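Q: Can you walk me through this one? I'd like the sheet and the salt bridges.

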Amino acid sequence: MIPRIDLSQLTAGAPDALSDMRSAATDVGFATVHNTALTSARVTEVIETYRTFFKLPQADKAPYDMAQTGSNRGWGAAGSEQVDPDANPDYKQFFDAGLTLPAGDPRLSNPFYAPNRWPKTPADFEAVIRTYYVDACGVAMDVLRGVARAVGLSGDVFDGAFDAPMALLRGNYYPSRPAWAGAKDFGIATHTDYGCLTLLATDGSPGLEVRKRGGGWIPLSAPPGEFVINFGEMMEFWSDRVITATPHRVVGGQDERISVPLFFNPAHDTNVAPAGASGVMLAGDHLAARYNETYVHLQKK
């Protein structure tokens, strides 16, 4: 069973909420959270903003194609990401944005802090997405503090690592499953997330499936204003495998689907090796290695 958690209760340290989060973090790897600072209206606005962009003609999206930028900023066309080397490239589209740094900041040369590429249509795209990014990072930090307390750590143990997060906000557009799709074709194939914590908003449409520990799949959806959370590979080894990353996928169905994950990751130079490890693992190095395996334009390099 995937726990459903009231974030205000988790923040307050309510025993039932902490127990449910402990189960989510150490066993199933997923939960849903509600009663956050992000309302259903805010989430719906973001989803519809992405939808308007994704519905533009290909020629209008091409100037933002991340295959041309050298960083994970902008638009990814269908077939531009391959999360499972044994499956075909995913047939979804996506749009990525990250932390906005001031002009002249030396970190702008780092692909993880590269300038965002904002489309001109819809006209309010930048304003809507930038504001949501900031607020979603705040909610994700609240969740992460609750996770820390749930597994017996200090609630602020992760705070210092997120002063300049490599948090990536993505809009995913899953069209209806194509008629040509076969056994190796997915909206997104089976994978574990690469980073720390994922805060996922959706339009409420079905599609996401979570792998059971003993095999098989659990369908999981949440209406706008509730969020699916899960944990990535970075958090699994950072916590010395106390917290678990669980495989999941989107096969796709008759209806199109839009989801908005915030991949909430620490600053580039954060050492995410578990406590007591002899070596250092920089968060940025881990993500760079995984992105080089996943983005088709980087695979070709």
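This is a predicted model: local features need pLDDT of at least 70, side-chain atom pairs count only at pLDDT 80 or more; totals for chains, interfaces and linings use all residues.

Q: What order do the strands of the open sheet come in?
A: The order is β1-β2-β10-β7-β12-β5-β4-β3. That makes eight strands, and the pairing is mixed.

Q: Which are the edge strands?
A: β1 (4-6) and β3 (74-76). Each of them pairs on one side only.

Q: And how much are neighbouring strands turned against each other?
A: On average by 25°, with direction ignored.

Q: How does β3 join β4?
A: Through three bridges. The two strands run antiparallel, and β4 covers residues 93-97.

Q: Which residue in β4 is the bridge partner of Gly76?
A: Phe94.

Q: Now helices. What does α3 touch on the sheet?
A: Helix α3, residues 40-54, packs against β3, β4, β5 (168-174), β7 (197-202), β10 (227-231) and β12 (257-264). Its direction makes about 60° with that of β5.

Q: What about α5, which strands does it lie across?
A: Helix α5 spans residues 125-150 and lies across β4, β5, β7, β10 and β12. It runs at about 60° to β12.

Q: Switching topic. How many salt bridges are there?
A: The count is 18.

Q: Which residue does Arg4 meet in a salt bridge?
A: Glu226, at 2.6 Å from N to O. The pair links distant parts of the chain, 222 residues apart. Arg4 sits in strand β1, while Glu226 is in the loop between β9 (217-219) and β10.

Q: Are those two buried or exposed?
A: Arg4 is partly exposed, at 49% relative accessible area. Glu226 counts as buried because its relative accessibility is 16%, and the cut-off for buried is under 20%.

Q: What does Asp96 pair with?
A: Asp96 forms a salt bridge with Arg170, and their closest N and O atoms are 2.7 Å apart. Asp96 is in strand β4 and Arg170 in strand β5, 74 residues apart in the chain.

Q: Buried or exposed, that pair?
A: Both Asp96 and Arg170 are buried.

Q: And Glu236, which partner does it meet?
A: Arg241, again in a salt bridge, at 2.7 Å from N to O. Glu236 is buried at 17% relative accessibility. Arg241 counts as exposed, at 59%.

Q: Which residues do shared partners join into one network?
A: Glu48, Arg51, Lys55, Asp203 and Glu256, through salt bridges.

Note on methods. Residues are numbered from 1 along each chain as its sequence is written. Side-chain values use heavy atoms; hydrogens and water are left out. Two strands pair if DSSP finds at least two bridges between them. Helices (H or I, at least four residues) and strands (E, at least two) are DSSP runs, numbered from the N terminus. Axes are lines fitted to C-alpha atoms, for helices over the stretch in contact, and angles run from 0 to 180 degrees between N-to-C directions. Contact means heavy atoms within 4.5 Å. A salt bridge is a side-chain nitrogen of Lys or Arg within 4 Å of a carboxyl oxygen of Asp or Glu. Buried means under 20% relative accessible area, exposed over 50%, partly exposed in between (1.4 Å probe, protein chains only).
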